Amino acid sequence: MSSVSPSLHTMTTEPASLESLHVLYQSDDYIVVDKHWDIRIDSKMWYEKHTVQAQLRHRFPQLADPSTYYGFRFCHQLDFSTSGALCVALNKAAAGWAYRCFKDRTVTKAYLALLRGWVEEQTQTLDFSIGKNSTEGKTHMMCIEGTEGCENPKPCQTELTVLEYGLYDGDPVTKVLLQPLTGRTHQLRVHCSAISHPIVGDFTYSSGADDAPYRMMLHAHLLHIPLDPQPLLVSAGDPFLPSVDPKWVPQRSLRTLAATVEALLERRVEEDRKMKDEERERARREEEKRKRSKEQRTEESEEQRKQCQEWLSEWAGD
């Protein structure tokens, strides 16, 4: 497995710039970057000067593919306000390999977040169907099923694990690890808001009230893509530390990030093993079914041949 831990780059509260691209991993097929908060992945708007696409063109002009609109193939999405691990394919074949993993839901992603309030239930599965909000003035938002104006809600699940309790700028907050089991737009933000623990700094899902923090506290910490033959595992570090932002003051730790991630990956390996075993068992049963069907057809053919010979003998006797 191609495993990459974050290098000791300085995490900062400064806004993004064209030069502030941080590369976590690079090969002939992929680049994984630590996306800055409050920056778009790409944009067709002329006034959007700072995008990840522009950063990549600036750092790696020789790797841009002229046959694509943006020059680079982004394997997945991160919101404008979200930071962390973002995978970029450097050729069409690599993009296809990664796309299949995302489509088959075999990719593992885990996000760090600071949530408003103290989350009492320390491990839980958030299970709320999410749809598009058609309410006037909220069409840029998503909403949970049952909300007025919620269109076409689809099932969504997120695993939540509490890491630490503390204060942010004097207010109670909880540091959590979030693992999306599905991939709906704004899923983590909507799910956290649905349990009355919105993400710190989420201006959109606080109706504009949570505007004091310098950023939304959501970070794509872990990305595991089970590519064949070499899976890709990248960690984008932890920006929610007092050394980065002194307003965050941890008070009680329940479990370490490293141990929680290790347990998550072990569960995923076990799930993948079970899935492969089930696939092998299905294939074995299908093969047995084909063999029985073939043997049956052979027996039927033999029976038909004997019957035909009997008819021919009777006809010759006549």
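**Whole chain.** The chain has 4 helices and 15 strands (DSSP runs numbered from the N terminus: helices are H or I of at least four residues, strands are E of at least two). This is a predicted model, in which local features need pLDDT of at least 70, side-chain atom pairs count only at pLDDT 80 or more, and totals for chains, interfaces and linings use all residues. Residues are numbered from 1 along each chain as its sequence is written, and side-chain values use heavy atoms, without hydrogens and water. The C-alpha atoms fill a box of roughly 105 × 50 × 45 Å along the principal axes. Buried residues make up 45% of the 318 residues (buried is under 20% relative accessible area, exposed over 50%, partly exposed in between; 1.4 Å probe, protein chains only).

**Close-up 1: the cis peptide bond at P229.** D228 and P229 are joined in cis, with omega about 10°. P229 sits in the loop between strand 13 (218-225) and strand 14 (232-235). Most peptide bonds are trans.

**Close-up 2: H186, a residue with positive phi.** Its phi is near 60°, and H186 is not a glycine. The loop that holds H186 runs between strand 12 (171-180) and helix 3 (187-194). H186 counts as buried because its relative accessibility is 16%.

**Close-up 3: S196, a residue with positive phi.** The phi of S196 is about 65°. S196 lies in the loop between helix 3 and strand 13. At 60% relative accessibility, S196 counts as exposed. Most residues other than glycine have a negative phi.
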